[in-house]
Amino acid sequence: MIFQDPMTSLNPTLTIGTQIVESLRRHLDLSREQARRRAVEILEEVEIADAGRRLEDYPHRYSGGMRQRVMIAIATACRPKLLIADEPTTALDVTVQASVLDLLHDLRRHHRMALLLITHDMGVVAEMADEVVVMYAGQVVEQAPTLELFDHTEHPYTEALLAALPQVDGADVGRRRLAAIPGRPPSLLEPAATCRFAPRCPYASRADGCASSMPELRAIRPNHYARTMHPE
Ligand code: SF4
């Protein structure tokens with residue numbers, strides 16, 4: 001698993017090499033020397049230049065993007081079948097973000113590894129995902145293959161997430177206000193027995209049943225599920 005902020009995942013008092021070798025030796029039956037050679041290969045795979053020398057550096061000598069590459073190296077060192085990436089590029093600037101996503105994409109293909117990507121950025125979803133599960137307040141509210149979800153959005157929360165994406169084309173570019181979702185997510189200490197999105201849903205007052213019961217997650221079309229009383 002890799003997390004949002006690589007600086008809080010890496011131990012600042014240990015060299016990068018020690019941290020990679022530790023995971024290799026714990027999970028694979030390698031000698032110290034074999035593990036070190038393997039660590040160099042893994043760092044090269046995540047495109048860290050001069051990998052042999054950089055193993056001796058501490059995390060503070062790496063930039064944010066390089067630290068995230070190191071985290072990816074540690075997480076994929078033992079060739080997992082599944083990599084869980086929780087907002088892996090949120091702490092990075094946009095150009096570094098793109099290169100880290102490219103790297104994840106390449107590693108996924110190269111090692112035939114599944115990638116579970118957790119993100120609020122629908123642009124990243126469009127680029128990376130085959131299948132999307134949209135969650136709100138601890139519940140799945142919509143699930144579909146990516147193209148289907150973008151072309152035929154069924155749940156008002158998914159619609160609001162897409163509307164919140166900045167647009168860079170059109171005549172009024174630069175003058176358009178960015179859409180925001182009003183209100184706040186509900187407390188999950190005492191979750192409502194009705195639709196959890198209702199207090200923020202623009203259709204709630206016009207639609208029947210929203211405030212009286214919890215909508216089930218149901219198939220709207222083959223492979224497309226939504227938790228709403230009123231799809232479309
Ligand atoms: S059930 Fe009603 S309130 Fe909830 S998302 Fe659907 S339309 Fe909105």
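Where does Glu87 lie? In this predicted model, Glu87 is placed in the loop between strand 1 (82-86) and helix 6 (94-111). Helices (H or I, at least four residues) and strands (E, at least two) are DSSP runs, numbered from the N terminus.

**Basis of the model**

Residues are numbered from 1 along each chain as its sequence is written, and side-chain values use heavy atoms, with hydrogens and water left out. As the model is predicted, local features need pLDDT of at least 70 and side-chain atom pairs count only at pLDDT 80 or more, while totals for chains, interfaces and linings use all residues. Here pLDDT is the predictor's confidence in each residue, from 0 to 100. The protein chain has a mean pLDDT of 90, with 99% of its residues at 70 or more. Among its elements, strand 3 (residues 131-136) has the highest mean pLDDT (98) and helix 1 (residues 6-9) the lowest (82).

**Overall architecture**

Nine helices and six strands are assigned in the protein chain. Along the principal axes, its C-alpha atoms fill a box of roughly 65 × 45 × 35 Å. The accessible surface, from the Shrake-Rupley method with a 1.4 Å probe and with only the protein chains shown counted as cover for residues, comes to about 13,600 Å², of which carbon and sulfur atoms hold 52%. Of the 232 residues, 39% are buried; buried means under 20% relative accessible area, exposed over 50%, and partly exposed in between (1.4 Å probe, protein chains only). Of the contacts (heavy atoms within 4.5 Å) with a separation of 6 or more, 53% are between residues 24 or more positions apart.

Gln68 belongs to helix 5 (residues 64-76) and counts as buried because its relative accessible area is 0%. Its side chain takes part in polar contacts, defined as pairs of N or O atoms within 3.5 Å; within protein, one atom must be able to donate a hydrogen and the other to accept it, and residues adjacent in sequence count only if both atoms are side-chain atoms. The side chain of Gln68 reaches the backbone oxygen of Phe3 at 3.0 Å, and one of its polar atoms lies 2.7 Å from the backbone oxygen of Pro88. Residues up to four places away in sequence aside, Gln68 touches Ile2, Phe3, Gln4, Pro6, Pro88, Leu92 and Val100.

Thr158, in helix 9 (residues 156-163), is likewise buried, at 0% relative accessibility. Beyond its neighbours within four places in sequence, Thr158 is in contact with Met122, Val134, Glu142, Leu149 and Thr153.

**Loop residues**

Thr13 sits in the loop between helix 1 and helix 2 (16-27), where its side chain forms a polar contact of 2.8 Å with that of Asn11. Asn223 is found in the loop between strand 5 (218-221) and strand 6 (224-226). Its phi is near 65°, a positive value in a residue other than glycine. Glu87, also not a glycine, has a positive phi of about 45°.

| Residue | Relative accessible area | Class |
|---|---|---|
| Thr13 | 58% | exposed |
| Glu87 | 12% | buried |
| Asn223 | 51% | exposed |
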